[in-house]
Amino acid sequence: MIRAGCYDIDERVKDMNRNGVLGSMCFPSFVQFCGQLFSKSKDLDTSIHLLRAYNDWHIDEWCGTHPVGSCP
């Protein structure tokens with residue numbers, strides 16, 4: 001079973017608070033999702049849009065859900 005703090009931002013912040021963690025860096029769990037996957041695509045125009053969409057989601061939804069200092 002996976003802890004809810006791995007996919008639910010509210011639970012992640014609760015876990016961080018329990019452990020006295022002020023901040024953390026989050027990385028995708030999908031292999032090579034850090035840009036390698038998209039740079040190897042035949043359609044680089046679509047790839048950059050997908051990568052930007054993920055980055056925007058990560059900043060707006062994942063980190064933006066809680067105020068600065070609480071964001072993992």
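Me: Contact means heavy atoms within 4.5 Å. With that cut-off in hand, what do the buried residues of H3 pack against?

Reply: This is a predicted model, so read every value below as computed from it. The buried residues of H3 pack against H1 and helix H2, residues 36-39.

Me: Let me step back to the whole chain. How many helices and strands does it have?

Reply: Count the elements, then read their order. The chain has 3 helices and 0 strands. Along the sequence the pattern is α-α-α.

Me: How many residues are in the chain, and what share of them counts as buried?

Reply: A residue is buried when its relative accessible area is under 20%. The chain has 72 residues, and 22% of them count as buried. The chain exposes about 5,700 Å². Carbon and sulfur atoms supply 58% of that area.

Me: Which residues of H3 are buried?

Reply: Ser47, Leu51, His58, Trp62 and Cys63 are buried in H3. Their packing partners are H1 and helix H2.

Me: Take His58. Where does His58 lie, and is it buried or exposed?

Reply: Locate the residue, then check its area. His58 sits in helix H3, which covers residues 44-63. Its relative accessible area is 15%, so His58 is buried.

Me: What does His58 touch, beyond its sequence neighbours?

Reply: Set aside residues up to four places away in sequence; His58 then touches Cys26 and Cys63. Cys63 is itself among the buried residues of H3.

Me: Now charges. How many salt bridges does a search of the whole structure find?

Reply: Side chains of opposite charge can pair when their charged atoms come close. The search finds 3 salt bridges.

Me: Start with Asp15. Where is it found, and is it buried or exposed?

Reply: Asp15 is found in helix H1. At 13% relative accessibility, Asp15 counts as buried.

Me: How far apart are the closest N and O atoms of Asp15 and Arg3?

Reply: They are 2.7 Å apart, and the pair forms a salt bridge. Asp15 lies in helix H1 and Arg3 in the segment before H1, so the pair ties together parts that are 12 residues apart in sequence. Arg3 has 53% relative accessibility and so counts as exposed.

Me: What else is Asp15 in contact with, leaving aside neighbours within four places?

Reply: Besides Arg3, Asp15 is in contact with Gly5.

Me: What is the N to O distance in the salt bridge between Asp15 and Arg18?

Reply: The closest N and O atoms are 2.5 Å apart. Asp15 and Arg18 are 3 residues apart in helix H1, so about one helical turn separates them. With a relative accessible area of 57%, Arg18 is exposed. Salt bridges that share partners join Arg3, Asp15 and Arg18 into one network.

Me: Which residue does Lys14 meet in a salt bridge?

Reply: Lys14 meets Glu11, at 3.2 Å from N to O. The side chains also count as joined by a polar contact of 3.2 Å. Both residues lie in helix H1, 3 residues apart, about one turn of the helix.

Me: Where is the place of Glu11, and what is it in contact with outside its sequence neighbours?

Reply: Glu11 belongs to helix H1, residues 9-18. Leaving aside neighbours within four places, Glu11 is in contact with Ala4 and Gly5. Gly5 is also one of the contacts of Asp15.

How values were computed:
Residues are numbered from 1 along each chain as its sequence is written. This is a predicted model: local features need pLDDT of at least 70, side-chain atom pairs count only at pLDDT 80 or more; totals for chains, interfaces and linings use all residues. Side-chain values use heavy atoms; hydrogens and water are left out. Helices (H or I, at least four residues) and strands (E, at least two) are DSSP runs, numbered from the N terminus. Buried means under 20% relative accessible area, exposed over 50%, partly exposed in between (1.4 Å probe, protein chains only). Accessible areas come from the Shrake-Rupley method with a 1.4 Å probe; for residues, only the protein chains shown count as cover. A polar contact is a pair of N or O atoms within 3.5 Å; within protein, one must be able to donate a hydrogen and the other to accept it, and residues adjacent in sequence count only if both atoms are side-chain atoms. A salt bridge is a side-chain nitrogen of Lys or Arg within 4 Å of a carboxyl oxygen of Asp or Glu.
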